[in-house]
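I wanted to go through this one element at a time and jot down what turned up. Here are my notes, in the order I looked things up.

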Amino acid sequence: MKHAIAFCALSLGVSAAGCGGESAVSSGADASAPADALARQPADAASPATPDAAPDAQPTAGKIEHVVLIMQENRSFDHYFGMFPGADGFTLDASGNPTNCNPDPNLDGGCVAVFHDPTDSNSGGPHSAAAFQTCFDDGKMDGFIKNAEGAKTACADPQDPTCSNGKLIDVMGYKTGADIPNYWAYARTFTLLDHQFESDASWSWPMHQYMVSEWAALCTSASPMSCTSNIGPKGPDAKGFYSWTPLTYLLDAKKVSWRYYLSQGTTPDCDNDEQECPPETQLANVPSIWNPLPYFEVVKNRNEQSSNVVTIDHFYNDVKAGTLPAVSWIAPAGEVSEHPPNPVSEGQAYVTSIVNVIMQDPVLWTNTAIFVFWDDWGGFYDHVPPTKVDANGYGLRTPGIVISAWAKPKNVDHQELSFDAYAKFIEDTFLSGQRLDPATDGRSDSRPNVREALPTLGDLRLDFDFSQTPNEPLVLKPM
């Protein structure tokens with residue numbers, strides 16, 4: 001496949017987020033769009049007490065009875081939705097062509113513009129904590145090609161996240177609605193999140209820990225106070241103790257039902273994200289990078305890894321039987337994950353099938369909130385620098401879609417969000433606002449802050465309107 005690659009001059013020290021001239025306009029140029037990315041300088045934020053709810057947020061308790069979180073893999077926001085109307089996407093020239101670019105170290109100052117890449121299988125680039133620093137480059141967001149070109153080549157495992165295998169460097173490629181029609185259909189019909197960032201500035205392993213516990217750490221013993229933050233390579237003792245407190249601890253205490261549904265197949269990320277490794281079989285009863293709960297002491301002690309961490313077929317059975325739990329996490333296998341080089345179409349079809357099952361149940365459709373999102377950026381370009389809230393994050397921007405009968409239709413949410421917002425939504429809906437706070441949750445651990453309580457974190461309840469006419473189900477053909 002041949003791509004027409006545009007070049008523009010890149011002045012030393014100037015962000016590559018926009019190489020266009022003064023006539024350029026944003027693809028998301030609406031009156032409510034957030035301030036220019038250059039004003040979004042990273043800043044440290046302390047952890048305050050739990051803030052009051054956003055003034056316009058409608059209570060979800062008693063109205064939303066099921067939350068389904070579908071986490072896919074390794075796509076940045078610009079890669080999937082940089083051309084989406086109304087979103088904070090690419091800068092466009094007078095002809096509507098994107099001008100965002102990144103310097104190529106091999107081009108002696110040249111800047112490679114983003115380009116349409118309709119291919120179903122992509123390469124991406126390294127996406128470890130070190131790769132984040134290269135891409136982010138102190139907020140200049142100009143290291144994506146440098147990061148990809150620094151990847152290993154000729155690897156035995158083509159799914160190694162540090163490997164490019166000599167393929168076309170496609171980190172500047174983007175998709176359109178023609179390439180991922182179902183995802184764009186959901187975004188057009190319901191609510192798209194265009195300022196959602198990874199909770200941590202790294203890869204899948206810590207991100208999945210954050211997803212279920214609001215922290216990623218290494219512990220030296222079964223004591224929750226022995227844990228310290230870790231978002232880098234696993235290290236030799238990473239699997240020894242997961243002693244801090246997961247969200248399931250609070251759910252169990254309030255007798256709120258939950259399940260972690262895991263697709264069976266392979267997992268493509270190596271355990272330490274730095275060394276070459278063969279793909280491993282992913283099983284519900286075996287902890288792995290996409291299946292962290294069986295590692296946690298409070299889950300093992302309750303034997304919940306055998307009853308609550310189950311294969312994806314249980315999800316379909318639970319829906320059919322009317323026993324879907326209040327909280328469902330759904331993690332993919334490599335083959336349907338969209339993790340490069342796995343086909344985008346396979347992942348989209350898998351997600352569509354899950355969403356369809358809920359939409360086709362009239363009762364579930366009216367009381368369920370579905371969140372579809374991607375766990376890290378996978379090396380793909382994004383132009384918006386994340387805010388620094390603590391030593392671990394935020395990471396880079398990834399897409400998020402809110403799907404519900406009560407989701408605000410045709411809406412783009414510009415709030416600053418991270419995956420912490422999903423925990424906050426669950427806590428507000430089912431736990432009366434209780435946070436994973438060592439001072440109040442009944443189980444002390446050494447986490448550095450209470451992520452859900454950060455004043456910069458938006459409120460996903462703002463994306464719901466229970467006074468509106470309910471949205472009709474959007475049952476789509478998996479494709």
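Residues are numbered from 1 along each chain as its sequence is written, and side-chain values use heavy atoms, with hydrogens and water left out.

**Helix α9**

Which residues of α9 are buried? I found F315, D318 and V319, in a helix that covers residues 313–321. For the record, buried means under 20% relative accessible area, exposed over 50%, and partly exposed in between (1.4 Å probe, protein chains only). Looking down the axis of α9, its buried residues fall within an arc of 100 degrees, so they line one face of the helix. That arc is taken from the directions from the helix axis to the C-beta atoms. On the other side of α9 I noted K320 and A321 as exposed.

Next I checked what covers the buried residues of α9, and the list includes β13, β16, β17, α10 (344–359) and α11 (362–367).

**Strand β13**

Then the neighbours, where two strands pair if DSSP finds at least two bridges between them. β13 runs parallel to β17 (residues 327–331) over 5 bridges, and R259 stands opposite S328 of β17. β13 also pairs in the parallel sense with β16 (residues 309–311), over 3 bridges. There, Y261 has V310 as its bridge partner.

**Cysteines**

How many disulfides does the structure hold? I get 2, a disulfide being a pair of cysteine sulfur atoms within 2.5 Å.

One joins C101 and C111, with the sulfur atoms 1.9 Å apart. C101 lies in strand β5 (residues 101–103) and C111 in strand β6 (residues 110–113), so the pair ties together parts that are 10 residues apart in sequence. The torsion about their S-S bond is about 100 degrees, so this disulfide is right-handed. C101 is buried at 0% relative accessibility, and C111 is buried with a relative accessible area of 0%.

The C219 to C227 disulfide has an S to S distance of 2.0 Å. This link is right-handed, with 100 degrees about the S-S bond. I have C219 down as buried at 5% and C227 as buried at 3%.

I also looked up C135, which is buried at 0% relative accessible area.

**Confidence**

Last check was pLDDT, the predictor's confidence in each residue, from 0 to 100. The chain mean is 85, and 81% of its residues reach 70 or more. Residues 1–52 stay under 50, and the model has 109 contacts for them beyond four places in sequence, contact meaning heavy atoms within 4.5 Å. Where pLDDT is low, the predicted coordinates should not be read in detail.

How values were computed: Predicted model: local features only at pLDDT ≥ 70, side-chain atom pairs only at ≥ 80, totals over all residues. Helix = DSSP H or I, 4+ residues; strand = E, 2+ residues; numbered from the N terminus.
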